[in-house]
Amino acid sequence: MSVSLQVLYPTTGGTTFDHDYYADTHLGLVDTHMAPHAQRIVVVKGTGDAAPFHAIATFVFADAAARDAALAAAGPALDDIPHFYSGAPVVLTGDVLD
């Protein structure tokens, strides 16, 4: 069964998010360190003044072992978060219902 990892960046509490840095720099780190383990990565940018999230990144993996391998390699991407987001991301893991 496929599994997912979602990283949600809430807009609450006056958080800031640098979308240009995220797209130009952070996603390159994700591609280098985590993407080799993923089947698919989708990033959605929140739009509109009332959007509850600045962005949501969804990773789909073949199985839990692939997700765990991606997380084990994620250090540089995790360390980069303060460069574009002023809050604490919310992480959701789960099974993909096909």
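Buried means under 20% relative accessible area, exposed means over 50%, and partly exposed is anything in between, with a 1.4 Å probe and protein chains only. The model here is predicted, so local features need pLDDT of at least 70 and side-chain atom pairs count only at pLDDT 80 or more, while totals for chains, interfaces and linings use all residues. Residues are numbered from 1 along each chain as its sequence is written, and side-chain values use heavy atoms, with hydrogens and water left out.

**View 1. Here is the largest nonpolar core, with 20 residues.** A nonpolar core is a set of buried Ala, Val, Leu, Ile, Met, Phe, Trp, Tyr and Cys residues joined through side-chain atoms within 4.5 Å. Tyr9, Phe17, Met34, Phe59, Phe61 and Phe84 have the most contacts inside this core. Two or more residues come from each of strand E1 (3–10), helix H1 (19–33), strand E3 (53–61) and helix H2 (64–73). Helices (H or I, at least four residues) and strands (E, at least two) are DSSP runs, numbered from the N terminus.

**View 2. Now for Phe59, which sits in strand E3.** With a relative accessible area of 3%, Phe59 is buried. Skipping residues up to four places away in sequence, Phe59 touches Val3, Ser4, Leu5, Val7, Val30, Met34, Arg40 and Ile41; contact means heavy atoms within 4.5 Å. The C-alpha atoms of Phe59 and Ala70 are 9.7 Å apart, with the two residues 11 apart along the chain.

**View 3. Ile41 belongs to strand E2 (residues 40–45).** Ile41 counts as partly exposed because its relative accessibility is 30%. Setting aside neighbours within four places in sequence, Ile41 meets Val30, Ala35, Thr58 and Phe59. Ala57 is 16 residues from Ile41 along the chain, and their C-alpha atoms are separated by 7.1 Å.

**View 4. This one shows an aromatic cluster made of Tyr9, Phe17, Tyr21, Tyr22, Phe84 and Tyr85.** Rings of Phe, Tyr and Trp (its six-membered ring) pair if their centres lie within 6.5 Å; planes under 30 degrees apart count as stacked, over 60 as edge-to-face and the rest as tilted. The structure holds 10 aromatic pairs. In the pair of Phe17 and Tyr22, the ring centres are 5.1 Å apart and the planes stand at 55 degrees, so this pair is tilted. Both Phe17 and Tyr22 are buried. Phe84 touches Tyr9, Thr16, Phe17, Asp18, Tyr21, Tyr22 and His26, leaving out residues up to four places away in sequence.

**View 5. Look at Pro82, in the loop between H3 and strand E4 (90–95).** Pro82 counts as exposed because its relative accessibility is 64%. Pro82 and Phe17 are 65 residues apart in sequence and 9.4 Å apart in space, C-alpha to C-alpha.

View 6. E1, H1, E3 and helix H3 (75–80) each supply at least two lining residues, and the largest share, four residues, comes from H1.
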